Structure formats: C-alpha cells, structure tokens
Amino acid sequence: MFALAHLSDLHLALPPGVSELAGKRGLGFVNWQRNRKYIHRADVLDAITHDVKAQDSDHIAVTGDLVNLSLPAEYAWAKRWLATLGDPGDVTVIPGNHDAYVASAAGLPAAFWGDYMRGDDGRQRFPFIRRRGNIALIALSTGVPTGPFMATGRLGETQLVGLAEALEQTREDFRIVLIHHPPVSRLRRYLRRLTDASKFREVLAAKGAELLLHGHDHRRMLNWLEAPDGKKIPAVGVPSASARARHADEDSAGYHIFHIDGARNAWRCEMIARERGDDGTIRECERRTIY
Ligand SMILES: [Fe+2]
C-alpha cells in the first residue's frame with residue numbers, strides 16, 4: 001500500500017518588513033493586509049503540517065500557491081517550510097498562480113524549490129515524472145503571470161504534448177496528475193480558471209489517468225473526467241492548508257491522504273480527508289472509496 005498526502009495553497013504569511021510594493025504586487029499587498037492575513041494563518045499551517053507528518057505517508061504532494069506575491073523573501077521562507085515537511089525526494093512541489101505572480105518572478109520557484117520540482121531524470125521542466133514503485137506522479141505547471149484581479153492558469157501546447165507522452169509512458173502505473181488549477185471551473189471563477197482546460201481534458205480523455213489532484217479553489221471538490229474505454233478519472237480538489245475558518249465558499253483548512261493498492265485494471269484507492277475543526281484540532285472528516 002502506498003500512502004500519498006496532498007496539500008495545497010498554504011499562502012504562507014508575508015515575511016516581516018514587506019511594504020511599498022508597486023503594480024500587481026501592490027494590489028496584492030493591500031488585499032493581504034486587509035483580508036487574507038486574517039484567513040491564512042501560520043498557526044493553522046503548523047497544526048496541519050504536524051498532522052501530515054504524524055500520519056506517516058510515503059510521499060507528499062504540494063500543489064502550489066505556497067506564497068502570495070512572489071517576493072524572493074517569500075520563496076526562501078517557503079523553502080524552510082518545505083524542509084520541515086520532508087526531503088526533496090519525498091515531497092513533490094508544483095507552482096500555482098501566486099508562485100508566478102509577476103513576470104519578473106518566473107525563474108524563482110525553480111531557483112528556490114528546484115530539488116522538489118524535478119523528475120527522476122534530474123531535469124527541471126514540466127511535465128516531470130516521479131515514479132515510486134508502481135505509482136507515477138506527473139507534475140504540471142499552470143503558474144503564469146496575469147493582469148490585476150486575475151488568477152487564471154495555462155498549460156500551453158508544449159506541456160500538453162509532454163503530458164500525453166508522460167501518460168503513455170506510464171500507462172502500466174497508477175498515474176497521478178498534479179496540477180494547481182482545477183480542470184473544471186464554475187462560471188463565477190471565470191477569471192480564475194485554467195484557460196486551456198478543455199484541451200487538457202481532451203488529453204486526459206485520450207490517454208487516461210488514475211487520479212488528478214489540484215488546489216486553487218480552496219475547496220474540497222470531486223469531478224469525474226472522461227477517460228478511454230468508458231472509464232472516469234477522479235479529479236480531487238483540496239482546501240487550503242492554512243485557512244483559519246470557513247470563509248465565503250471556501251472550506252476550512254485541511255488536506256487529503258490517498259491509500260493506493262493493487263495493479264493495472266484492479267487498482268484500489270481510498271481517500272481520507274482531514275480538516276481543522278472549530279476547536280482547532282485536526283481530525284478525519286471523510287473517508288471515501290474511490291476505486
Ligand atoms: Fe491559486
């Protein structure tokens with residue numbers, strides 16, 4: 001049995017001394033000071049991190065939005081948090097839109113978190129593949145800089161072609177696709193959607209996958225996507241790992257653990273959701289058999 005923990009959207013608190021920012025970062029800073037710093041709390045993330053480690057998983061996937069404004073000090077901060085989570089070989093990271101907030105930050109995720117974002121072949125490009133036994137993690141990046149008040153993501157043609165190849169190459173394995181943005185968005189999230197989601201779903205429908213994990217919406221979500229031979233792919237969204245309490249249509253902090261077993265055409269996969277209760281403790285809130 002392989003145990004995979006999935007967490008996302010930590011939005012680590014801004015390091016001390018940050019102020020006076022221009023452009024999109026300036027708007028983001030105001031939003032952080034007025035709203036988000038009351039939602040995404042270091043003490044909540046600490047409790048979740050402690051609980052993840054206590055559950056003793058074989059591997060941990062972090063699907064983006066580790067930081068807020070893509071400032072170099074934030075990436076360094078996040079790197080220290082990653083070190084508390086585990087070794088780069090046991091933790092896989094992909095970026096989210098907040099990790100590529102402005103064009104000038106494009107190279108920073110790889111510069112700071114590169115060891116957590118490379119394939120078994122040692123290369124640092126998306127998609128990358130990490131195989132652990134008969135589990136194949138296929139990691140994508142949708143983090144692209146956008147205009148103010150937007151949080152869209154994009155895969156682009158090169159990654160879509162690479163994804164099709166990666167899914168083919170690992171077809172005997174239990175294939176887990178890691179992506180920050182959900183493959184299906186509600187209309188009200190139009191300015192926060194994955195812009196090439198339909199092309200992404202076409203690749204999945206043609207090649208198949210056993211599981212897709214995403215963050216971004218800060219909600220527990222499950223969508224079933226088309227796959228070959230009438231099969232379906234479960235696409236599971238996880239809440240933010242640092243949200244202090246339920247907020248608007250977002251869930252309170254939580255994460256998922258997947259227990260995976262079996263072999264091709266006979267996989268078993270169970271999902272355990274753990275979340276922060278009103279009393280601040282982290283507890284199991286759902287257990288579901290996916291296969
Ligand atoms: Fe996001």
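Modeller: Residue classes come up below: Ala, Val, Leu, Ile, Met, Phe, Trp, Tyr, Cys and Pro count as nonpolar, Asp, Glu, Lys and Arg as charged, and the others, Gly among them, as polar. This is a predicted model, in which local features need pLDDT of at least 70, side-chain atom pairs count only at pLDDT 80 or more, and totals for chains, interfaces and linings use all residues. Residues are numbered from 1 along each chain as its sequence is written, while side-chain values use heavy atoms, with hydrogens and water left out.

Biologist: How many charged residues does the lining of the second largest pocket have?

Modeller: A pocket is an open set of points on a 1 Å grid over the protein atoms alone, with protein on both sides within 12 Å along at least five of seven lines, and its lining residues have an atom within 4 Å of a point. The second largest pocket has a volume of about 360 Å³, and of the 19 residues that line this pocket, R175, E210, K231, R264 and N265 are the closest to its centre. When the lining is divided by class, eight of its residues are nonpolar and two are polar, and the number that are charged is nine.

Biologist: What relative accessible area does E210 have?

Modeller: A residue is buried under 20% relative accessible area, exposed over 50%, and partly exposed in between, using a 1.4 Å probe and protein chains only. R175 is buried at 6% relative accessibility. E210 is buried as well, because its relative accessible area is 12%.

Biologist: How many residues apart in sequence are the parts tied together by R131 and D173?

Modeller: The structure holds 21 salt bridges, and one of them joins the side chains of R131 and D173 at 2.6 Å, N to O. The elements here are DSSP runs numbered from the N terminus, with helices (H or I) of at least four residues and strands (E) of at least two. R131 lies in strand β4 and D173 in the loop between α5 and β6 (174–178), so the parts tied together are apart in sequence by 42 residues.

Biologist: Of R131 and D173, which counts as buried?

Modeller: R131 has a relative accessible area of 34%, so this residue is partly exposed.

Biologist: Which atom of H216 is a donor of the iron ion?

Modeller: Donors are N, O and S atoms within 2.8 Å of the metal (3.2 Å for Na, K and Ca), and sites may look incomplete because water is not among the atoms. The protein donors lie 2.2 to 2.3 Å from the iron ion, and they are D65 through OD, N97 through OD1, H180 through NE2 and H216 through ND1.

Biologist: Is D65 buried or exposed?

Modeller: D65 is found in the loop between β2 (59–62) and α3 (72–85), and it has a positive phi of about 55° although it is not a glycine. Its relative accessible area is 2%, and therefore D65 is buried.

Biologist: What does D229 count as at 72% relative accessibility?

Modeller: D229 also has a positive phi, of about 60°, although it is not a glycine. D229 lies in the loop between β8 and β9 (232–237). Because its relative accessibility is 72%, D229 counts as exposed.

Biologist: Which residue does a cis peptide bond join to F126?

Modeller: The bond has an omega of about -5°.

Technical notes: 1 Å grid on protein atoms, 1.4 Å probe; cavity = no way out; pocket = protein on both sides within 12 Å on 5 of 7 lines; lining within 4 Å. Points joined across faces, edges and corners; volume = space filled by probe spheres on them. Salt bridge = Lys/Arg side-chain N within 4 Å of Asp/Glu carboxyl O.
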